[in-house]
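Please read it alongside the sequence and the structure shown here.

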Amino acid sequence: MVRRAAPLKHPGRLGPADPRTIAGRFTSPLHDERIAAWLGIALGISFTSAFATGLVSHFMQHPQGWMAWPSRPVNLYRVTQGVHVIGGLATVPLLLAKLWTVYPRLWQWPPIRSAAHAARRAAVFALVAGSVFQLVTGVLNIAYWYAFPFFFTTAHYWTAYIVFGALLIHVVDQWDGTRRTVMTRPRDAVGRRGFLLTAAGASGLIAAATVGQTFTPLARLAVLAPRRPGVGPQRLPVNKSAAYAGVVAAARDPGWRLTVTGRVRREVALSLEDLRALPQRAARLPIACVEGWSAEADWRGVRLRDVLALAGAPADARVRVESLETWGLYRTSDVAPDHWRDPLTLLALEVNGEPLALDHGYPCRLIAPNRPGVMQTKWLYRVVVT
């Protein structure tokens with residue numbers, strides 16, 4: 001007599017339901033293909049947005065020779081980096097929910113059924129491990145807690161390609177099944193819907209508690225943000241102080257001069273009084289930091305193009321500004337022609353109606369439209385024309 005196998009108790013659940021297997025012990029209906037599909041769609045959108053805006057950030061800070069980033073709109077980097085960081089933070093509860101939903105698959109037996117199955121599981125491992133790495137190190141970075149021995153920017157950049165590549169492979173592999181699952185009307189949908197709404201609500205709450213670091217009208221709600229607009233000396237946040245940069249004595253030196261040198265008709269050396277004697281211009285521009293925060297301020301100083309004209313710099317020149325800092329990856333920054341010729345690009349001497357505070361770059365700093373904050377170089381002492 002042939003005995004028939006018992007029917008599956010939870011046919012919609014991920015993994016086999018046979019209680020004799022480890023996976024069969026996961027009895028929650030929330031370990032479900034439909035939940036996994038919807039969370040996968042949300043994560044796919046989120047990771048794609050993070051990848052695109054992350055590339056913008058990377059190549060604005062490290063442009064290739066053929067790239068020419070525009071100086072307008074002035075808030076472009078502020079928006080893209082705000083989306084990158086705030087969207088990344090909002091992804092955390094979605095990823096945790098997705099991992100909880102699908103983790104019974106870790107206990108599938110046998111773990112590898114074929115070469116194709118092994119390749120598929122390797123891609124999923126790269127996707128999961130890379131996603132966790134990106135979000136954990138990203139959160140630590142914006143909190144200024146560098147608990148890892150490697151350089152964050154390089155690791156974050158290259159891991160992004162691994163994650164996005166693994167994501168594309170996973171989407172292609174799961175597309176048909178995901179589409180069928182999403183189109184199917186589920187049974188007992190109340191618990192599933194509540195789980196998805198909880199994950200979405202947690203994601204939205206994190207976004208609401210951080211978006212104020214970029215969107216000034218909501219600054220008071222930004223309780224999770226490391227920096228908030230309006231908080232800091234001269235109502236502007238500070239990432240690196242003059243004491244930390246080691247420039248206090250050099251910046252206060254009465255003999256300080258701003259030198260313009262390189263491919264010019266004449267070298268120019270300007271004291272602070274000389275700069276103040278030149279025509280002063282005003283611009284309202286944001287400082288937009290790679291950690292996601294940004295804040296607008298009213299700046300006043302000399303147009304960089306006017307100072308370069310005094311030295312007779314050619315119109316096609318590239319410019320490098322150098323800080324009094326003696327160390328650090330961003331102690332210098334390059335200013336492309338589109339930026340130094342823009343009338344909003346200033347050698348700023350004042351902010352928000354006051355002379356620059358030491359921590360904001362006294363005696364002179366660069367402020368230009370649509371540039372990452374690390375490239376708005378403080379404590380300038382030399383401009384090199386190439």
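This is a predicted model: local features need pLDDT of at least 70, side-chain atom pairs count only at pLDDT 80 or more; totals for chains, interfaces and linings use all residues.

Residues are numbered from 1 along each chain as its sequence is written, and side-chain values use heavy atoms, with hydrogens and water left out. Helices (H or I, at least four residues) and strands (E, at least two) are DSSP runs, numbered from the N terminus.

**Helix packing**

- Helix 1 (residues 33-61) packs against helix 4 (residues 152-183) at an angle of about 150°, and their axes are 9 Å apart. Axes are lines fitted to C-alpha atoms, for helices over the stretch in contact, and angles run from 0 to 180 degrees between N-to-C directions.
- Helix 1 and helix 4 are therefore roughly antiparallel to each other. Angles under 35 degrees count as roughly parallel, over 145 as roughly antiparallel, 65 to 115 as roughly perpendicular and the rest as oblique.
- The crossing of helix 1 and helix 4 is left-handed (the near helix is turned anticlockwise from the far one by less than a right angle; clockwise would be right-handed).
- On the helix 1 side, the residues making this contact (heavy atoms within 4.5 Å) include W38, F47, F51 and F59. Among those contributed by helix 4 are Y157, Y161, F164 and L167.
- The residues of the contact of helix 1 with helix 4 comprise 14 nonpolar, 5 polar and 2 charged. Ala, Val, Leu, Ile, Met, Phe, Trp, Tyr, Cys and Pro count as nonpolar, Asp, Glu, Lys and Arg as charged, and the others, Gly among them, as polar.
- Helix 1 also meets helix 2 (residues 76-102): the two axes come within 8 Å and cross at roughly 150°.
- Helix 1 and helix 2 are therefore roughly antiparallel to each other, and their crossing is left-handed.
- The contact of helix 1 with helix 2 is made up of 15 nonpolar, 13 polar and 1 charged residues.

- Five strands form an open sheet in the order 2-1-10-5-6, with mixed pairing. Two strands pair if DSSP finds at least two bridges between them.
- Strand 2 (268-270) and strand 6 (332-335) are at the edges with a single partner strand each, so one side of each has no neighbour in the sheet.
- From one strand to the next, the twist averages 20°.
- Strand 5 (residues 319-323) is joined to strand 6 by 4 bridges, and the two run antiparallel. V319 has V335 of strand 6 as its bridge partner, and R320 stands opposite D334 in strand 6.
- Strand 5 also runs antiparallel to strand 10 (residues 380-385), with 5 bridges between them. Here V321 has V383 as its bridge partner.
- Strand 5 is mostly covered, with 4 of its 5 residues buried. Buried means under 20% relative accessible area, exposed over 50% and partly exposed in between (1.4 Å probe, protein chains only).

**Strand 7 and its partners**

- Strand 7 (residues 346-351) is mostly covered, as 5 of its 6 residues are buried.
- Strand 4 (residues 294-303) and strand 7 run antiparallel and share 5 bridges; V302 has L347 of strand 7 as its bridge partner.
- Strand 9 (residues 365-367) is joined to strand 7 by 3 bridges, again antiparallel, and the bridge partner of A348 is R365.
- Strand 8 (residues 354-355) pairs with strand 7 in the antiparallel sense over 2 bridges, with P355 the bridge partner of E350.
- The hairpin of strand 7 and strand 8 has 2 residues between the strands, and N352 takes a positive phi near 50°.

**Two individual residues**

- Q81 lies in helix 2 and is buried, with a relative accessible area of 3%.
- Apart from its neighbours within four places in sequence, Q81 is in contact with T53, S57, C289, V290 and G292.
- L218 is placed in the loop between helix 5 (189-208) and helix 6 (242-245). Its relative accessible area is 29%, and L218 is partly exposed.
- Leaving aside neighbours within four places in sequence, L218 is in contact with V211 and G212.
- L218 and R228 are 10 residues apart along the chain, and their C-alpha atoms are separated by 9.7 Å.
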